[in-house]
Amino acid sequence: MSLRTVEMALATPGVDAAGHPTRVPLGVASGDGTYHEDLGAEHMLVNIGPQHPATHGVLRLVLELEGETVKRCIPHIGYLHSGFEKLGEYRQYNQIIPLTDRTDYLSPMANNVGFALAVEKLMGLEITERCKVLRVIACEMSRIISHLVWLGTTGIDLGAFTPFLWSFQERERIYNLQEAWTGARLTTSLTRVGGMMADIPDGWEAGLREFTSTFPQTLAEVDTMFTRNAIWIGRTQGVGALTADEAINLSLSGPMLRASGVDYDVRKDRPYLDYESYDFDVLIGEYGDIYDRYRVRLEEMTQSNRILEQALTRLERLKGAPINVSDPRVVLPPKSRAMSDMEAMIFHFKQVMEGVKPPAGEAYMGVENPKGELGYYMVSDGTAKPVRWRIRPPSFINLASLPTMCEGALLSDVIAINASVDIVMGEVDR
Amino acid sequence: MSPLSPSVAPLRSEFGSAIERHLVSCDQTIVYVSRDRSHDVLAWLRDTAGQEFNYLTDITAVDYRDSERPLEVVYQLRSLGRKADLRIKVALDKRGGQLEVRSVYDLWRGADWLEREVYDMFGVAFVGHPDLRRILMWETYAEGFPLRKDFPLRGHFSRAEQTRQALAANPEAHYSLEELSIAEEYGELPKEMQERLAKGERGFLK
């Protein structure tokens, strides 16, 4: 039982004399499973998934149960394996960007940005000011929609339906903005090496401004609904807890790591896109349980909203500035010039037929994605197609900690713990 | 900050000839370590004061297009306290038969699935890993290791063969042998399977 003092709403059931939420039937087994000894004579094998709504995709868990206590948890993945890394070795760099949409499909724009940054690091390209600001906007919008999906689906898993509707309503507004910008809601393919696929359309900022001014209200409602809710607290506090040392040892990243009290955010520790010049805070958890992961993600949405507001201010200053680098070996010339100017036509032809050619070498670029540290490790041999394109998938590595967290927990907690990892199977399986 | 990591000099003085070479690419330092000492080097980097590379960012491998060039196992290390990164590589000669390197599972639990993935995709065996079996491909996958450069994009088997195998697969065989051993079904397994289980055999490795 967690010993946190939590400010409780009046007249909520399940509170003991000290004001701590009581969670007798849902409690974690005392450790050695003696609590359920009468049921534990025989071990049972339970299969969850791969087609199960609470596994958030095609994840399959095989659980060994003693009574209701999980003795062993064996995850099976790979049902959505598409071989993106292999496919990438047969494609030019800009042709890989559509593949990145489909890895973590809840935050496609952030993946696009990460990939473009990795190739630019490989080439030593310095992108334009306006491009940086637009990419920050893309990343933070992605963080908000990804966390909203997490919030909604986790709420549903634990029996709260209403916040799901709220969060998906908010998410819809960002999707509309994404559609207005890129023409696609999910397969955005927003970036190109050295720049962006397109600048934002006229009047787009007003839409985002309207979102950033009204979104905190929804967050406040979610906060009211969850943060001091006895059922939510009972299902989340002290469940699936990992200490800081365990979290580091398991290579966790993102909100999972920060909830355990480790101060590691790639935006702060290895800044990219001038994140060091934005004013935002990173919330660090204390107990590493599901409740702390919830708090960390909720706060991240607030902070993302702050960053979006700052980025919008910068965008005003950079009105009309170029979004692409001026190197014609990297970026396609405008179509009008390619049709009228001989030199531009040659560059256009070489770009389309051969593609970008980074020098031989290798680079690792980590970015802070909603799920954790997304890393792209690129190896080039000087040709237009990468020798190796490795995705460091945050959900995959975070999911690997599931057996550690589940063993000793109750069967019903497995659903909550799995939800708290925030996996997306497109990225786990790639 | 100079592009060359300050960890290279102490590594060289500590391990001498086990540090094969180092280079800098895109301001990131890469240190090649001999296969026999890779575990020692990684443990030293993790535990020595002043190095403290306590966070294993990633393990992966690279197979180059040049078939003569060795396959490389790549460790991305991060020191959360010192905010420094280091990339350690172990070159494995592909012509020498079995590709083997010591597992770092005992140093970082996070290496569990990462090493399984490298085994699955490249066929590198991690000696000392407690549960080295395929992870993204299914356990009976017989076409080889997909991310090797000698593996064709569409696989070794023809479409017809792939379809035939998929249709012939026993849909009841959802559980691994290990999982069946949990439940009573173990007793109903064929004798030969039970023996293999008792020996602790998994996947392709002995």
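Q: What should I know before we start?
A: This is a predicted model, in which local features need pLDDT of at least 70, side-chain atom pairs count only at pLDDT 80 or more, and totals for chains, interfaces and linings use all residues. Residues are numbered from 1 along each chain as its sequence is written, chains are lettered from A and ligands numbered from 1 in the order in which they are written, and side-chain values use heavy atoms, with hydrogens and water left out.

Q: How many helices and strands does chain B have?
A: Chain B has six helices and seven strands. Helices (H or I, at least four residues) and strands (E, at least two) are DSSP runs, numbered from the N terminus. Starting there, the order of elements in chain B is α-β-β-α-β-β-β-β-α-β-α-α-α.

Q: What share of chain B is buried?
A: Of the 206 residues in chain B, 48% are buried. Buried means under 20% relative accessible area, exposed means over 50%, and partly exposed lies in between (1.4 Å probe, protein chains only).

Q: How many residues of β4(B) are buried?
A: Nine of the nine residues of β4(B) are buried, so this strand is largely enclosed by the rest of the structure. L71(B), V73(B), Y75(B), L77(B) and S79(B) point one way from β4(B), while E72(B), V74(B), Q76(B) and R78(B) point the other way. In a regular strand the side chains alternate between the two faces of the sheet.

Q: Which strands pair with β4(B)?
A: Strand β3 (residues 55–62) of chain B runs antiparallel to β4(B) and is joined to it by seven bridges; V62(B) stands opposite E72(B) there. β4(B) also pairs with β5(B) in the antiparallel sense, over nine bridges, and L77(B) has L86(B) as its bridge partner in β5(B). Two strands pair if DSSP finds at least two bridges between them.

Q: What is the phi of K83(B)?
A: The phi of K83(B) is near 55°, a positive value in a residue other than glycine. Most residues other than glycine have a negative phi, and most peptide bonds are trans. K83(B) belongs to the hairpin of β4(B) and β5(B), which has four residues between the strands. With a relative accessible area of 46%, K83(B) is partly exposed.

Q: Changing topic: how many residues are in contact between chain A and chain B?
A: In chain A, 55 residues are in contact with 53 residues of chain B, where contact means heavy atoms within 4.5 Å. The area buried between the two chains is about 4,600 Å², of which carbon and sulfur atoms give 54%. Buried area is the accessible area (1.4 Å probe) that two parts lose on being put together, summed over both.

Q: How many salt bridges cross that interface?
A: The rule finds nine salt bridges across the interface of chain A and chain B. A salt bridge is a side-chain nitrogen of Lys or Arg within 4 Å of a carboxyl oxygen of Asp or Glu. E117(B) forms a salt bridge with R430(A), with the closest N and O atoms 2.9 Å apart.

Q: And what is the strand order of the open sheet in chain A?
A: The order in this open sheet of three strands is β1-β2-β3 (chain A), with antiparallel pairing. Its edge strands are β1 (43–48) and β3 (69–76) of chain A, each pairing on one side only.
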